[in-house]
Amino acid sequence: MFARQDITTGGMILGERPGVIVPYLVGLPIPLSELYSKLFNRLPPTTFHDLMSLSNCKGQDDNNFLEGIIRANAIGIRLDVPDVPHPELSTHRAIFLNTSRCNHSCGPNAKWEWDVGSFCLILTAVRPIVSGEEITIHYTSVTRSRYERRDTLQSLYGFSCRCDYCSLPSTEAFSRSDEARAELENFWATLPTFEQWCLDASMPDTALIDRHVRALQLIEQEGMHILNSEKHADAIAMCYGALEDVEMFRAWTGRARGVKLRTSTSELIVLAKWLSNPLVFPAWGWRKTFCGARAGG
């Protein structure tokens with residue numbers, strides 16, 4: 001899949017309903033090949049043709065061909081299930097004819113979200129995409145090491161990843177990349193809370209800011225914008241608000257607003273109020289108030 005025009009961060013690339021949905025676990029006493037054959041044969045001819053043209057990870061064997069298409073292209077979704085005794089699982093697998101054309105990257109420029117209310121998958125850009133650029137998503141966890149990512153992709157999908165992040169020039173570069181991704185994976189688990197920082201005078205004023213700035217640098221380095229850069233921008237803005245730094249609070253609040261992927265109207269209104277008058281930010285001056293009071297006895 002390639003962009004036909006420039007797409008900004010958070011821009012919607014497409015909204016798509018599934019072509020086929022199958023249960024994640026099948027408990028019927030019939031072979032999967034027979035079940036999938038009956039399902040596919042009920043599809044409209046155009047949909048059937050498009051599905052049959054997708055890649056499959058099971059080879060050309062007739063008995064496994066349809067299962068190979070589903071395994072190679074399905075995305076996990078959740079459906080509302082009836083509130084009855086012994087209900088089926090809400091987890092299902094769905095094939096989306098357009099999104100299935102997106103190749104994998106360990107530093108993808110797009111992400112998908114399933115919205116059960118509209119019964120639609122939404123594909124959005126996580127960083128700017130220029131016209132002519134390939135649109136990519138991730139098939140496996142991008143915070144794993146290169147070896148783990150490639151091993152998973154080979155075993156599940158039958159290919160060896162050759163994206164820019166798996167084609168670095170040296171062993172040293174791979175090691176730095178793996179360390180950066182592991183740090184991002186564990187970032188939130190090792191981070192003091194905003195409230196702890198506001199109350200603990202022994203922590204430097206920039207303790208949280210420095211951690212979040214480093215996370216943003218690693219995200220940019222590794223192309224891991226799917227990890228929601230806006231959370232870090234939000235956190236940095238909050239810290240500057242707690243420090244009563246009007247200029248930096250406005251700068252980072254503006255940045256947070258600019259990188260949010262799907263911002264509600266009510267949230268935009270709140271952010272606009274904070275930009276207009278930082279003093280209405282609920283945690284304004286907390287760090288100085290609480291730590292100053294402690295320092296004064």
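View 1. Trp114 counts as buried because its relative accessibility is 16%, buried meaning under 20% relative accessible area, exposed over 50% and partly exposed in between (1.4 Å probe, protein chains only). Phe119, at 32%, counts as partly exposed. The model is predicted: local features need pLDDT of at least 70, side-chain atom pairs count only at pLDDT 80 or more, and totals for chains, interfaces and linings use all residues. Residues are numbered from 1 along each chain as its sequence is written, and side-chain values use heavy atoms, with hydrogens and water left out. Rings of Phe, Tyr and Trp (its six-membered ring) pair if their centres lie within 6.5 Å; planes under 30 degrees apart count as stacked, over 60 as edge-to-face and the rest as tilted. The whole structure holds 12 aromatic pairs. In the pair of Trp114 and Phe119 the ring centres are 5.3 Å apart and the planes stand at 70°, so the pair is edge-to-face.

**View 2. Aromatic pair of Phe249 and Phe281.** The ring centres of Phe249 and Phe281 are 5.1 Å apart with planes at 45°, so this pair is tilted. Phe249 belongs to helix H9 and Phe281 to the loop between helix H10 (265–276) and helix H11 (286–295), so the pair ties together parts 32 residues apart in sequence. Helices (H or I, at least four residues) and strands (E, at least two) are DSSP runs, numbered from the N terminus. Phe249 is buried at 1% relative accessibility, and Phe281 is buried at 6%.

**View 3. Surroundings of Phe194 in the largest nonpolar core.** A nonpolar core is a set of buried Ala, Val, Leu, Ile, Met, Phe, Trp, Tyr and Cys residues joined through side-chain atoms within 4.5 Å. The largest has 31 residues, of which Phe194, Trp197 and Trp252 touch the most other members. Leaving aside residues up to four places away in sequence, Phe194 touches Leu208, Met238, Cys239, Ala242, Ala283 and Trp286, where contact means heavy atoms within 4.5 Å. Ring pairs also link Phe194, Trp197, Trp286 and Phe290 into a cluster.

**View 4. Thr143 in the loop between strand S8 (136–137) and helix H4 (146–157).** Thr143 counts as buried at 11% relative accessibility. Its side chain makes polar contacts with the side chains of Ser141, at 3.0 Å, and Glu185, at 3.5 Å. A polar contact is a pair of N or O atoms within 3.5 Å; within protein, one must be able to donate a hydrogen and the other to accept it, and residues adjacent in sequence count only if both atoms are side-chain atoms.
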